[in-house]
Amino acid sequence: MKSPEKIIVQVILDKPLKDVFDYIWNEAHLRTTPKLGMLVELPFGSSSLVGIVVGVSTHSNIELAKLKAVKTLSPLPCLDKKIRELAEFASRYYIYGLGETLLPAIPKWWRSPANWEKGLGVARIDKLNVIKITPSHDKVIDPEQLNQDQVDALRHLSDADHKKFQTLFLNGVTGSGKTAVYLNYLQQVISNHRDAQVLILLPEINLTPQLERRIASHMPNQEMAVLHSGLSDKQRARAWYAATTGKAKVILGTRLSILTPIPNLATIVVDEEHDSSFKQQEGLGYSARDLAIWRAKNESIPILLCSATPSLETWHAIGQGRYKEIKLSERIHQAQMPIIELIQTQQADRGTVISGIFKRTLQNNFQEGRQALIFVNRRGFAPALSCGSCDWLSECPDCSGFMVMHKQLGSRRSPVLCCHHCGLTKSVPRSCPKCGDSDLLPLGRGTQKIEEQIREIIPQAKVLRVDADTARTGKLSEALFTKIHQGEADIIVGTQMLSKGHDYQNIGLVCVLDADARLYSNDYRAPETLFAQLVQVAGRAGRSGGEQAKMLIETRYPNDPVYQYLCNYDLAGFMKHLLKDRQDSRLPPYVSQALVHAQSTHMADSLNFLAGAKVFLEKKSPNQGRLVCFDPVPKALAKVAGKERAQLLIEAESRTQLQTQLNALDEFLRNQSTGRITKQGKVRWSIERDPLLI
Ligand SMILES: [Zn+2]
Ligand SMILES: [Zn+2]
């Protein structure tokens, strides 16, 4: 008699591998039939791992006797077809293993089989208190209180077909009340469609508390799931579970939440869609914005992108008629954007002098009782420490950058040098390590130095500093912003962290110091990013109406198009200028790009490895078609934490063509590697699609 056929499941694991693994499914032991998307615990080598079932069959290419059996089954609902399709797309497009794409998107708590005990895990999570959210007293949000512009925009959104994919773009100058419009829209979606869930993607954690409170006051009866990296493992597990089981109607999260299963997803909002935080730099180098659009298309639902300064890609798509634009051009309370004044600085001034105009304007603003925001693009006291007698500079021994001087850092009250690339921290030397001279000078200026100088200029002002050092955690940053809103600060000095999304009420002056620093880097997106930042920064001022606010910008190049278009708030003109520039220089969105990254102890090994990749690509498509493969080069920041880094840029006019070539290259490189480390163990490599920095 023939024994009943064994059931074999194919499972993916969080490993840098393309393979699936076969396991035996023992139905008597697991008490259920296998289903796609189940999260299971598996023996692997001498330990155990969790994996996801992606196939079921009765056949394996491996001898049955050698196969191990699935150990336990999680109590989670199966990852549904839609989320598996999204992960498959992401894995294909970003050339990354399916397991290493999908598994890290499940909260860590759920990936630990110790929490799976039948019923118990879920009960334990269900018992967790929902984080209490104090509703905000923001009244603007009521549909009756929207201005005509907002009402029109809301009507456009309500008219959109909810069973059809469509990309809408809400173009609203800062302070025009975009959030009120999309929250009203989402509320309509939830009340008009049974079980409907909505997803809001935000670029940064420190934007969530403010929005959470607004949602809580606007939709008090809806459960909200908040997903970001600042939560405890359990809170995150709870929020994810509420989203996955359809219980949470509003899901609010940063980029990783795009890979959350949401069974009844009815629409997606991507707020500040231009923000580079939507792009993950390490590992699966995905763009949450791009994945959100793919997801909406795959699920046949509308998606709404919002920004005052759209990405060039979005602007291009509107021009081609692929996205539909909805405009909000009026600021609420008839508030005006600030008048912009450019202050031309000389090379020699940089980093030392606070200009006379700046001082006087700041003093006047203080006397008028209005707050001022001062943007500095570096945190710390000074970008580097130098020797007064020789050419010594505080270079990091492990990176090709300088160690930044901090007057205090974290719990350390005495001055330290800290490398912002690798984190190495040392005490400030008493004398020059090279010549022994004790005359060491801070070079340039960071947030701490500006804070100190401002305290000297206006000693009676309350000065507050907001940067990655003072706002290390969500809690600290919220406390700082509460202080600002309650008027407990007259002058706020900070990095661009200050510029995003916060509703300041009493800002009469905004100053941007050393605005050019980004402009003349080798990043071709620098003008676009700088323009967006400056518009965001300008938008912080004069939100409550009253006398028109002022914005001062320090630059060495006042004639640069970025500043010229900015002074007139001419977004359309600037976008047109940029598109022309990109087209002329064959850059995205007119070509598609990919980078191959390599790092090792010696630059020569990194470069040789990439040279091999280039030879392969050129052999594979000898007539090159429209594929351009540049020479391998060291990265702009060539050394980080002792590793020498290089890159190879590949360009093509067609995405499909680029995809084919990259798949072939990935296979070629994998054949000489274990995972993504070459077999000799010398070089670690990765492939990145649509890189932001080249
Ligand atoms: Zn010296
Ligand atoms: Zn370093």
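Some housekeeping before the details. Residues are numbered from 1 along each chain as its sequence is written, while chains are lettered from A and ligands numbered from 1 in the order in which they are written. Because the model is predicted, local features need pLDDT of at least 70, side-chain atom pairs count only at pLDDT 80 or more, and totals for chains, interfaces and linings use all residues; side-chain values use heavy atoms, with hydrogens and water left out.

I start with the zinc ion called ligand 1. Its protein donors are the SG atoms of C387, C390, C432 and C435, at 2.3 to 2.4 Å. A donor here is an N, O or S atom within 2.8 Å of the metal, or 3.2 Å for Na, K and Ca; water is not among the atoms, so sites may look incomplete. What arrangement do the four donor atoms around ligand 1 make? The arrangement is tetrahedral, because the donor atoms subtend angles of 106 to 112°. For four donors, tetrahedral requires all angles to lie between 85 and 135 degrees. The ideal angle for four tetrahedral donors is 109.5 degrees.

Along the sequence, the spacing of these donors is C-x2-C-x41-C-x2-C. C390 is in the loop between β15 and β16, and C432 is in the loop between β18 and β19 (440–443), so this pair ties together parts 42 residues apart in sequence. Strands are DSSP runs of E with at least two residues, helices are runs of H or I with at least four, and both are numbered from the N terminus. C390 is partly exposed, at 23% relative accessible area, whereas C432 counts as buried at 3%. Buried means under 20%, exposed means over 50%, and partly exposed is in between, using a 1.4 Å probe and protein chains only.

Now the other zinc ion, ligand 2. C396, C399, C419 and C422 coordinate this ion through SG, at 2.2 to 2.3 Å. The donor atoms subtend angles of 108 to 113°, which makes this arrangement tetrahedral. The donor spacing in sequence is C-x2-C-x19-C-x2-C. Here C396, in the loop between β15 (384–387) and β16 (404–406), and C419, in the loop between β17 (416–418) and β18 (425–427), link distant parts of the chain, 23 residues apart. Are C396 and C419 buried or exposed? Both are buried.

Next, the aromatic rings. The structure holds ten aromatic pairs. One of them joins Y93 and Y94: edge-to-face, 4.9 Å centre to centre, with 85° between the planes. Rings of Phe, Tyr and Trp (its six-membered ring) pair if their centres lie within 6.5 Å; planes under 30 degrees apart are stacked, over 60 edge-to-face, and the rest tilted. Both Y93 and Y94 are buried. Ring pairs also link F89, Y93, Y94 and W294 into a cluster. The charged end of R689 sits over the ring of Y93, 3.9 Å from its centre. That label needs NZ of Lys or CZ of Arg within 6 Å of the ring centre and within 35 degrees of the ring normal.

Last, the backbone. Most residues other than glycine have a negative phi, and most peptide bonds are trans. R31 has a positive phi, near 60°, and is exposed, with a relative accessible area of 75%. S300 also has a positive phi, about 50°, and lies in the loop between α9 (288–298) and β11 (302–307). The peptide bond from P588 to P589 is cis, with omega near 5°.

Technical notes. Four donors count as tetrahedral if all angles lie between 85 and 135 degrees; four count as square planar and six as octahedral if opposite donors are over 155 degrees apart and all others between 65 and 115; anything else is irregular.
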